[in-house]
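Here is a protein model to explore together. Keep the structure open as you read, and look for each part as it comes up.

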Amino acid sequence: MVRVGVEPIRKAAIVKATIQEVGRAGSLEVTVAQIARRAGVSSALAHHYFGSKEAIFVAAMRHVLTMFGAEVRGALATAQGPKARLEAIVRASFSASSFRREAVAAWLNFYVLAQTMPEARRLLGVYHRRMRSNLVHALRPLAGARAGEVAEAVGALIDGVYLRQALSPAAPDREAAIALVLGRLEHETGEAEG
């Protein structure tokens, strides 16, 4: 008989192992056996908890998105004014926990998975809508009617920085990523104020 409380712990270990294995491989070409071995469980147990490798990937991305959402909400809670809100969103986008090699690889592979898996596509859509909403809210006082357009550009820039970091042999550079996006925002909002 399984002890009460063990299942959530094992599921969390499998999710964490999935992110680590995808990061190590740099692709979704990992097996449930590799994930299970890293998590310290059997492949059969991983299949029992999730049903399929794709469902494990979706659970991992749900975890990544949940952690990202919590970071954004935490950063926004202390931000005073529109510029501070924008900086908080950008800094959360490149936080130490989400802008490490395995998390960058997981994000990139999530985009790949979303092309063929409806649940992954739905989760990605939720992420895009929340990001756009947060950016538009902060940009309205600074960019006026252009807030939606600027938010789309900034969202694409954030995604592009992740893509380039995933393809770079160097370790992800948080501060350079933040400076690049904030510089573009300053350019976009500076023109709107002038």
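Which helix gives the largest share of the lining of the second largest pocket? Keep that in mind as you turn the model, which is a predicted one.

## The second largest pocket

The answer is H4, which provides eight residues of that lining. Both H4 and H7 supply at least two residues each to the lining of the second largest pocket. The space inside the second largest pocket comes to about 280 Å³. It has 14 lining residues, and those closest to its centre are Leu65, Phe68, Gly69, Arg73 and Arg130. Sorted by class, the lining of this pocket has eight nonpolar, three polar and three charged residues.

## Where H4 meets H7

Now look at these two helices themselves. Helix H4 covers residues 53-77 and helix H7 covers residues 118-143; their axes come within 10 Å and cross at roughly 10 degrees. Angles under 35 degrees count as roughly parallel, so H4 is roughly parallel to H7.

On the H4 side, the contact is made by Val58, Arg62, Leu65, Phe68, Val72 and Leu76. On the H7 side, Glu119, Ala120, Arg122, Leu123, Tyr127, Met131 and Asn134 take part. The contact of H4 with H7 has nine nonpolar residues, one polar residue and three charged ones.

## The largest pocket

Next comes the largest pocket, with about 330 Å³ of space. Its lining is made of 18 residues, and Ile19, His63, Val64, Met67 and Arg100 lie nearest its centre. H1 and H4 each supply at least two residues of this lining, and H1 gives the most, with seven residues. By class, the lining of the largest pocket has ten nonpolar, four polar and four charged residues.

## A cavity and a buried threonine

The structure holds one cavity of 30 Å³ or more, and the largest cavity has a volume of about 70 Å³. H1, H4 and helix H6 (101-114) each supply at least two residues of its lining, with H6 giving the most, four residues. Among the lining residues are Thr18, Phe57, Ala60 and Asn109. The lining of the largest cavity is divided into nine nonpolar and two polar residues, with no charged ones.

Is Thr18 buried or exposed? Its relative accessible area is 1%. Buried means under 20%, so Thr18 is buried. Thr18 is found in helix H1, which runs over residues 6-25. Leaving aside neighbours within four places in sequence, Thr18 is in contact with Ile35, Ile56, Phe57 and Ala60.

## H1 and H3 packed at an angle

Helix H1 also packs with helix H3 (residues 43-50), at an angle of about 105 degrees and with the axes 11 Å apart. An angle from 65 to 115 degrees counts as roughly perpendicular, so H1 is roughly perpendicular to H3.

From H1, the contact uses Glu7, Arg10, Lys11, Ile14 and Val15, while H3 brings Leu45, Ala46, Tyr49 and Phe50. The contact of H1 with H3 has six nonpolar, no polar and three charged residues.

## A glycine in H8

Finally, find Gly148, which lies in helix H8 (residues 147-167). Gly148 has a relative accessible area of 18%. That is under the 20% cut-off, so Gly148 counts as buried.

Which residues does Gly148 touch, not counting those up to four places away in sequence? They are Arg132 and Val136. Gly148 and His187 are 39 residues apart along the chain, and their C-alpha atoms are separated by 16 Å.

Definitions and conventions: Residues numbered from 1 in each chain as written. Predicted model: local features only at pLDDT ≥ 70, side-chain atom pairs only at ≥ 80, totals over all residues. Heavy atoms only, no water. Axes fitted to C-alpha atoms, helices over the stretch in contact; angles between N-to-C directions. Parallel < 35°, antiparallel > 145°, perpendicular 65-115°, else oblique. Contact = heavy atoms within 4.5 Å. Nonpolar A, V, L, I, M, F, W, Y, C, P; charged D, E, K, R; others polar. Buried < 20%, exposed > 50% of the residue type's maximum accessible area, 1.4 Å probe, protein only. 1 Å grid on protein atoms, 1.4 Å probe; cavity = no way out; pocket = protein on both sides within 12 Å on 5 of 7 lines; lining within 4 Å. Points joined across faces, edges and corners; volume = space filled by probe spheres on them.
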